[in-house]
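Please keep the sequence and the structure in view while reading.

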Amino acid sequence: LLTPLAAYAWFSRSRSTTAQRLIVVRWRSELAIDTAICAAKSWLNRMRLVAQLKPGVVTDPWLAAGTAGDFEITPLLDAPSLLAESHAMHNCADQYGDRIARDRCRLFGIAGPHGRVATMEIAVHPREIGILTIAQLKGRHNMPAPTEVWQAAHRWMASQQGLRRPATLLPP
């Protein structure tokens, strides 16, 4: 426990390193220990994300990018796109690197006419082996996505050809 906390605190103070740029909440002496542990864990997960999901490593989005009404739905398959989504949407998309690398899920960004509106997680249905489903659909700050975004997401899912994954992709 002390080693990751020490690394997190040290990199919080370092300048112009990739590791430092991945820290969202900087270490400071007045941080509560549980806050520091949570921030260190998130930072380590972003470090793992950058190491695991370099552009081109994951090439199968499972489902095709597309549009549904006024909404554009785009797969998020690499560290830069997941970090950008997390930053723009103020969510934890940057914490999904391991799940994506292990083929447990895929994330998609949803943008409307005025920019990003939601982040969607596609995963294997928990009771229907091999069938893909919308596991999560969240707006900015993990707030519920608006009804019109849910409707667009379901229209997009209905237009997809490959909603079945190999049986090896079981829910975690």
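The model is a predicted one. Residue W62 lies in the loop that links α3 to β1 (66–68). Is W62 buried or exposed? Its relative accessibility is 7%, and residues under 20% are classed as buried, so W62 counts as buried. The backbone of W62 also deserves attention: its phi angle is near 70°, a positive value in a residue other than glycine.

With a relative accessible area of 29%, R104 is partly exposed.

| Residue | Relative accessibility | Class |
|---|---|---|
| W62 | 7% | buried |
| R104 | 29% | partly exposed |

The discussion now turns to a pair of helices. Two packed helices are described by the angle between their axes and the distance between those axes. Helix α3 (residues 33–52) packs with helix α4 (residues 79–89) at an angle of about 145°, and the axes are 8 Å apart. On the α3 side the contact is made by R46, L49 and V50, and on the α4 side by A79, L82 and L83. By class, this contact has 5 nonpolar residues, no polar residues and 1 charged residue.

Finally, the protein may be considered as a whole. Its secondary structure comprises 6 helices and 5 strands, in the order α-α-α-β-β-α-α-β-β-β-α from the N terminus. The C-alpha trace spans about 50 × 40 × 30 Å along its principal axes. Why does the radius of gyration of 17 Å agree with a compact globule? For 172 residues such a globule would have a value near 16 Å, so the two agree.

Of the 172 residues, 40% count as buried. The protein exposes about 9,600 Å², of which carbon and sulfur atoms supply 57%. Among contacts between residues at least 6 apart in sequence, 60% join residues at least 24 apart.

Note on methods. Residues numbered from 1 in each chain as written. Predicted model: local features only at pLDDT ≥ 70, side-chain atom pairs only at ≥ 80, totals over all residues. Heavy atoms only, no water. Buried < 20%, exposed > 50% of the residue type's maximum accessible area, 1.4 Å probe, protein only. Axes fitted to C-alpha atoms, helices over the stretch in contact; angles between N-to-C directions. Helix = DSSP H or I, 4+ residues; strand = E, 2+ residues; numbered from the N terminus. Contact = heavy atoms within 4.5 Å. Nonpolar A, V, L, I, M, F, W, Y, C, P; charged D, E, K, R; others polar. Rg over C-alpha atoms; globule rule 2.2 N^0.38 Å. Areas by Shrake-Rupley, 256 points an atom, 1.4 Å probe, with all protein chains shown as cover.
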